[in-house]
Amino acid sequence: MLDLTLDAPELTARLVDIPSVSGGEKPLADAVEEALRALPHLTVERFGNNVVARTDLGRAERVILAGHIDTVPIADNVPSRLDENGILWGCGTTDMKSGVAVQLRIAATVPGPNRDLTFVFYDNEEVAADLNGLGHVAAARPDLLEADFAVLLEPSDAQVEGGCQGTLRIHLRTEGERAHSARSWTGSNAIHAAAPILARLAAYEPRRPVIDGLEYREGLNAVAIEGGVASNVIPDACTVVVNYRYAPDRGEEEAVEHVRAVFADCGVREFVVDDHSGAALPGLSHPAAAAFMAAVGGSARPKFGWTDVSRFGALGVPAVNYGPGDALFAHKRDEHVAVERITHCENRLREWLTS
C-alpha cells in the first residue's frame, strides 16, 4: 500500500521499492489505484495498468498532471537508498518516480484546487510507442484527456522545458553486387557505396531555430551501420540508420521530406521510415502556461529530447515538462535525485494550484 501522508521524498522511495520495469507495472498500478480511490474528492478510472483520477469542481480551467510509472530495467539499484547529503538513489528516482510522487502528493493534499485537475499515471513509456499507455488512454477515452493545459512531470531538474523535439529514424539502403574478395573487380561493394551518405552527414549543418524565445538544436546523425557477409565476400547490401532530431516548427511529413532531400543524390536505393514521433510546440504563450511560469519561477528552456508532451500537443493541449529529476542521470546505474528538488517541485505546484 502507498501512504499518501508521507512526504514526497519518502513516497518516492516507496515507489522505487515497488519494481515496475516496462511490462511489469501491475503491482504499482494496483497500489496507485488503491491509494487514489481512498480520496473522496477524486473519481478514479483504470485502463489496463493506466490510472486516471479527476476532480469535478466546475472550475473554469482544467489541468492535467501526467507521469509514467514504468522504468528501464533495474541495474542493481533497487531498493532505494537515501544518503547523508539528501540524495535519494535508485532505479526510477529521476525518471520518473519522483515526479509521480509529486503527482500523488498533490492529489492527496489539494482537494479543492483553483483549477480542475486530471491525474494520469500510465505504463510502457520506456518502450515502443505502440505500447505507450498514454496513447492507449487517448485512443480509448480521449474525453479524459481534454484540458486547457498539461504538465508532464518528466525530469527537468525543476526547470520548465517547453515542448519537445521530434525524433525520426530512417534506414538508408545501398546495393552492390556480391563477389569473392580476391576478385573484387567482379562485384560492387555496397559498404563503399554508403560513403556519400556518411560524407553528407559529416558535412551537415543542423538548424538552431528560435521558437517562443527558446533555441532548439537539431541533429542528423548516423546511429548504426549494417553490412557485410563474410571476411572474404564483397557485400551486396549496406544499411545506414539515421536519426533526425528536429525542432517543433517542423511537422512530421516535412521532417521526412527534409531527410529525403538531404540524401537525394547519395545513391540511396531504399529509404525506409522505421520509427517516428512528432514534435510539440512550447505553447508558452498560452495564458495557462504564463500563469504556471509565474508560479514556479525561473526561465523556460527547450526540451531537446522527445516526451509525451507531443501526444498532448496532438490532442490540442499545450503542455510543458516540469519535474524534480535531472535527465542527465536517467537510465543510469547511479540514477539519483536530490530530495530538495522533489520538495521544491511539490511546493511550486501546490502554490500554483491553490493561490
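This is a predicted model: local features need pLDDT of at least 70, side-chain atom pairs count only at pLDDT 80 or more; totals for chains, interfaces and linings use all residues.
## Other salt bridges

Side chains of opposite charge can pair when their charged atoms come close. The count for this structure comes to 30 salt bridges, and one of them joins the side chains of arginine 269 and glutamate 175 at 3.4 Å, N to O. This pair also links distant parts of the chain: arginine 269 is found in the loop between helix 7 (252-262) and strand 16 (270-277), whereas glutamate 175 belongs to strand 9 (residues 166-175), 94 residues apart from its partner. Arginine 269 counts as exposed because its relative accessibility is 58%, which is over the 50% cut-off, while glutamate 175, with a relative accessible area of 38%, is partly exposed. Elsewhere, salt bridges that share partners join Lys26, Asp30, Glu33, Arg37 and Arg46 into one network.

Which element holds both arginine 14 and glutamate 10? Both residues lie in helix 1, four residues apart, which is about one turn of the helix, and their side chains meet in a salt bridge of 3.0 Å, N to O. Arginine 14 is partly exposed, with 39% relative accessible area, and glutamate 10 counts as partly exposed at 33%.

## Helix 1 against helix 3

Two packed helices are described by the angle between their axes and the distance between the axes. Helix 1 (residues 8-16) packs with helix 3 (residues 93-109) at an angle of about 125 degrees, and their axes are 8 Å apart. That angle makes helix 1 oblique to helix 3, and the crossing of the two helices is right-handed.

On the side of helix 1, the contact is made by Ala8, Leu11, Thr12, Leu15 and Val16, and on the side of helix 3 by Thr93, Lys97, Ser98, Val100, Ala101, Leu104 and Arg105. Sorted by class, the residues in this contact are seven nonpolar, three polar and two charged.

## Helix 8 against helix 10

Which residues of helix 8 and helix 10 meet? From helix 8 come Ala288, Ala291, Phe292, Ala295 and Val296, and from helix 10 come Arg348, Leu349, Glu351 and Trp352. By class, this contact has seven nonpolar residues, no polar residues and two charged residues.

## Alanine 314

Alanine 314 has its place in helix 9 (residues 309-314). Is alanine 314 buried or exposed? Its relative accessibility is 71%, so alanine 314 counts as exposed. Alanine 314 and glutamate 45 are 269 residues apart in sequence, and from C-alpha to C-alpha they are 23 Å apart in space.

Note on methods
Residues are numbered from 1 along each chain as its sequence is written. Side-chain values use heavy atoms; hydrogens and water are left out. Axes are lines fitted to C-alpha atoms, for helices over the stretch in contact, and angles run from 0 to 180 degrees between N-to-C directions. Angles under 35 degrees count as roughly parallel, over 145 as roughly antiparallel, 65 to 115 as roughly perpendicular and the rest as oblique. A crossing is left-handed if the near helix is turned anticlockwise from the far one by less than a right angle, and right-handed if clockwise. Contact means heavy atoms within 4.5 Å. Ala, Val, Leu, Ile, Met, Phe, Trp, Tyr, Cys and Pro count as nonpolar, Asp, Glu, Lys and Arg as charged, and the others, Gly among them, as polar. Buried means under 20% relative accessible area, exposed over 50%, partly exposed in between (1.4 Å probe, protein chains only). A salt bridge is a side-chain nitrogen of Lys or Arg within 4 Å of a carboxyl oxygen of Asp or Glu.
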